[in-house]
Amino acid sequence: MTQAFAGSDDSVASNDLPQQAILPRESSNEEEEARHVRIVILGTGFSGLGIAVRLKQSGYEDFVVLERAADIGGTWRDNSYPGCACDIPSHLYSFSFALNPQWSRMYSSQAEIWDYLRHIAVRYDILPHIRWNSELREAVWNEEEQCWHITTAQELLTADMLILGNGPLSEPSLPSITGIERFEGELFHSAQWKHDVDLTGKRVAVVGTGASAVQFVPQIQPRVGHLALFLRTPPWVLPRGDHPIPKWQRSLFHVLPFTQYIERSRIYWRQELTALGLVYRKPILKEAVKLAQRYLERQVPDPLLRAKLTPTYALGCKRILLSDDFYPALSQPNVEVVSERIREVRAKSIIIEDGSEREIDVIICGTGFHVTDAPLPQHIHGRNGVSLAERWQGGQNAYLGTTVTGFPNLFLLIGPNTGLGHNSMVYMIESQLAYILDCLRKMDRQNLQAVDVWPEVQEAFNAEVQRRMQGTVWMSGCSSWYLDANGRNTTIWPGFTFEFRRRTQRFDQQHYNVQCRKTLPPLGEPAAVGREKQ
Ligand SMILES: Cc1cc2nc3c(=O)[nH]c(=O)nc-3n(C[C@H](O)[C@H](O)[C@H](O)COP(=O)(O)OP(=O)(O)OC[C@H]3O[C@@H](n4cnc5c(N)ncnc54)[C@H](O)[C@@H]3O)c2cc1C
């Protein structure tokens, strides 16, 4: 069913959110006993909100959502840097069950996406389920009770099921550069932008050139006195072609929702075509290379600067960046592109490899996130007390990116090898939601208490993923955040997204070790056959 959002008759602007609902919950008192809920969800980004909405739509009300911050939104709450926007068109980078006909641009801004998510939380009545300022500290599977014991910053909970939507890009990573701790100016990460730092006329250093830097550099360049962009590996940049969505088209989407579904499908299949090149390395990438080279030539007339900006690895090996204004910003007289390695940061300057020094007032790190080394897996303990981090010592992996053997009733949203270099993550999240909901339905129908994927099933899946990964562009020799410390790609799905959708369409119970409830099923419900390998 299509829902109309921002701008439509039933729209709710973010400042209309019930304030009491978005304020942090009062700290519970310390003697409080663990409260039992059926399902605990972690996070209020697309993943956490998505599963919460789907649960409600399916009649499940007994769940809480833990959020360590005091507002919803995940990525789109935290990344408030100037110019922050999606790089997958908004018609596709949104829930299929909650299309927004009023997106103002092809690639909407952070504020608009955040508003959309806040709106979803209100519209589907998710706010009363959310525990604010409730960081998950520890979750331990209790074998005897067959449930999760969860400690948050606020309370103790037990839950039959734990669904992690903590986000693959939610832990900002700062660079380890000699002397950085001695820097006396302002220093911050792009995901923790300090809006109170006035950059006007300042000497600013930008470290890192990923998807965030290409968005904020053109925004701050006109304001700063001098901008030194420290760029060791120039990214591949393609034109973004962003534009406002005309009013007539928004009205059309509003009045005839199927037209927006058609537009969404068009975008989906266009994006999906890229997988041909990335995964199977078909000639399609050669065309993209030519396009990127022509774009660089056209936008950067200075041959010296162009040489510094010419990528030296296969297109697609790192994330392809889309920008209409990055190159022109770098050609401005107040910008210097520095390709040399930073040797040292001093109190008020940066020294580079050739010994020269740049006086700096502010350092902005666009240095990405802890992806394969995030802290949460250390705090999730499955059977026999083994933590996810321990289980993943040889590299993170999960069956269908969703379940891990030895961790019953635990579901990971955007788990290992579900990331994309070419399409919308919301599509992947929705595929996983269908899988989890089908699992819940089957558990209810058969009176199951716990499901735990068989180790050999997970191993076979992981072996398949790693085998298929070998021929992909992501393994063509560059170093990227897609790879873990062992050089294994444990983040990206090595195929078409429709294949992932097909494989997660139904919960494949035969691949799970199932545990029946100890109590009798409700009348009329079939009893489970017992714990057996199916
Ligand atoms: C700047 C930027 C732009 C992006 N653009 C795109 C795009 O255009 N297209 C695309 O497909 N993807 C994009 N992504 C990827 C994006 O992260 C995903 O698309 C999606 O938003 C992830 O949603 P999520 O809910 O899984 O995680 P998040 O949005 O990161 O939400 C995780 C939530 O969990 C909470 N949390 C984490 N740990 C805990 C804990 N221990 N206890 C309690 N709460 C916790 C966090 O506070 C957060 O609210 C982008 C990412 C970034 C950083």
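Which element contributes the largest share of the lining of the second largest pocket? The structure is a predicted model, in which local features need pLDDT of at least 70, side-chain atom pairs count only at pLDDT 80 or more, and totals for chains, interfaces and linings use all residues. Residues are numbered from 1 along each chain as its sequence is written, and side-chain values use heavy atoms, with hydrogens and water left out.

The second largest pocket has a volume of about 580 Å³. A pocket is here an open set of points on a 1 Å grid over the protein atoms alone, where a 1.4 Å probe fits, with protein on both sides within 12 Å along at least five of seven lines; lining residues have an atom within 4 Å of a point. The volume is the space filled by probe spheres set on the points. Of the 21 lining residues, Leu238, Arg270, Gln271, Thr274 and Leu322 are the closest to the pocket centre. Helix α7 provides the largest share of this lining, with five residues. By class, the lining comprises 12 nonpolar, five polar and four charged residues; Asp, Glu, Lys and Arg count as charged, Ala, Val, Leu, Ile, Met, Phe, Trp, Tyr, Cys and Pro as nonpolar, and the others, Gly among them, as polar.

Helices (H or I, at least four residues) and strands (E, at least two) are DSSP runs, numbered from the N terminus. Just after α4, aspartate 125 adopts a positive phi of about 60°.
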